[in-house]
Amino acid sequence: MILDGMGFVWDTGERNFVRFVNALRHYDRLEGGGGGGDNSPSSSSSSTSMSSSPSRRERRTRVRVPSKFVVPRGIENGWPSDLWDYPLGAKTMAVRQKELYVVGHPHRKRVLEDLGFRWQVGNAALGWLDVVHAAAIYSQMHGRALNVPSSFEVPAPPPIVPPHVVAVADGEDDYDGGAAGDAATAAGCLDAWPWPERLWGLKLGQRLKDVRLKGAYLKGPDAQLRKAQLDNLGFVWNPKRGRMKRFIDGEGDLTESGNR
């Protein structure tokens, strides 16, 4: 009783697991854009209280933590101070690869699965849905043809110029749309942009080049299905080479331009 009153930790494994789950929830809310909500438990919460988290079917996204992600310091970043400098990316990899915290604890696995934790990650598991989604948009924009330059990245929308700025530049000094008009125009521009925000910056050209040259995403039981999806989008499996360009690099080599 005395030790309990002093806050003695009897099960360090449970404490560490709770801290990991708290960090995942905060990451999902602050960085991942998921539907974790704001009711993250404190570090003193028990695993029992975590079972009330929304199921995977109710969530908009799944938790995806970069392997090198470390919780940033500073109140302005929205993270609680007890998680500052926490190596969440490394911990996530350890849980996935070595079953840290979850060996012999099936209920902990269920907690993570309800939160949206991915047990399998990599080209074949994590990114295919994003790749095929972006490929479908590109194909539709290019007449059902999917021959993406290797340097192509999914673009974010261009900066929005408020109508009053354009009006003043054109000499129309009587523009009176105000902030409401600017906001409506901005919303309209974003709504018309064909690429969803979660795909902005995706290196689609490089990903599809890896499909072509390395067989990325095309291993395992879903390989044939994924090939069929690409075929239906007009994927070019053997693009034509670019023109031969001669350059001097000290040895007088010839280098072929284009997709390599």
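**View 1. K214 and D210 within helix α8.** Both K214 and D210 belong to helix α8, where they sit 4 residues apart, about one turn of the helix. In this predicted model, the two side chains form a salt bridge, with the closest N and O atoms 3.8 Å apart. That distance falls inside the cut-off of 4 Å between a side-chain nitrogen of Lys or Arg and a carboxyl oxygen of Asp or Glu, so the pair counts.

**View 2. Buried residues of helix α8 and the end of the helix.** The buried residues of α8 are L204, G205, L208, K209, D210, V211 and R212. They pack against α5 and α9. Just after α8 comes G215, which takes a positive phi of about 70°.

**View 3. Helix α5 and its cover.** Helix α5 covers residues 128-141, 14 residues in total. From its first C-alpha to its last it reaches 20 Å, close to the 20 Å expected at 1.5 Å a residue. Which residues of α5 are buried? They are W128, D130, V131, V132, A134, A135, I137, Y138 and S139. The cover over these buried residues includes α8 (204-214) and α9 (223-232). After α5 comes G143, with a positive phi near 65°.

**View 4. R108 and E14, a salt bridge between two helices.** The closest N and O atoms of R108 and E14 are 2.7 Å apart, and the two residues form a salt bridge. R108 is in helix α4 (residues 106-115) and E14 is in helix α2 (residues 12-32), so the pair ties together parts that are 94 residues apart in sequence. Are the two partners buried or exposed? R108 counts as buried because its relative accessibility is 4%. E14, at 16% relative accessibility, is buried as well.

**View 5. R73 and D85 in the loop between α2 and α3.** The side chains of R73 and D85 meet in a salt bridge, with an N to O distance of 2.5 Å. Each residue lies in the loop between α2 and α3 (88-98), and the two are 12 residues apart. D85 counts as partly exposed because its relative accessibility is 43%. By the distance rule, the salt bridge count comes to 6; among them are R73 with D85, R108 with E14 and K214 with D210.

**View 6. The chain as context for the close-ups.** How many helices and strands does the chain have? There are 9 helices and 2 strands. Along the sequence they follow the pattern α-α-α-α-α-α-α-α-α-β-β. Of the 260 residues in the chain, 32% are buried. Among contacts with a separation of 6 or more, 64% are between residues 24 or more positions apart. The chain exposes about 16,200 Å², and carbon and sulfur atoms supply 53% of that area.

Technical notes. Residues are numbered from 1 along each chain as its sequence is written. This is a predicted model: local features need pLDDT of at least 70, side-chain atom pairs count only at pLDDT 80 or more; totals for chains, interfaces and linings use all residues. Side-chain values use heavy atoms; hydrogens and water are left out. Buried means under 20% relative accessible area, exposed over 50%, partly exposed in between (1.4 Å probe, protein chains only). Contact means heavy atoms within 4.5 Å. Accessible areas come from the Shrake-Rupley method with a 1.4 Å probe; for residues, only the protein chains shown count as cover. The expected span of a helix is 1.5 Å times one less than its number of residues.
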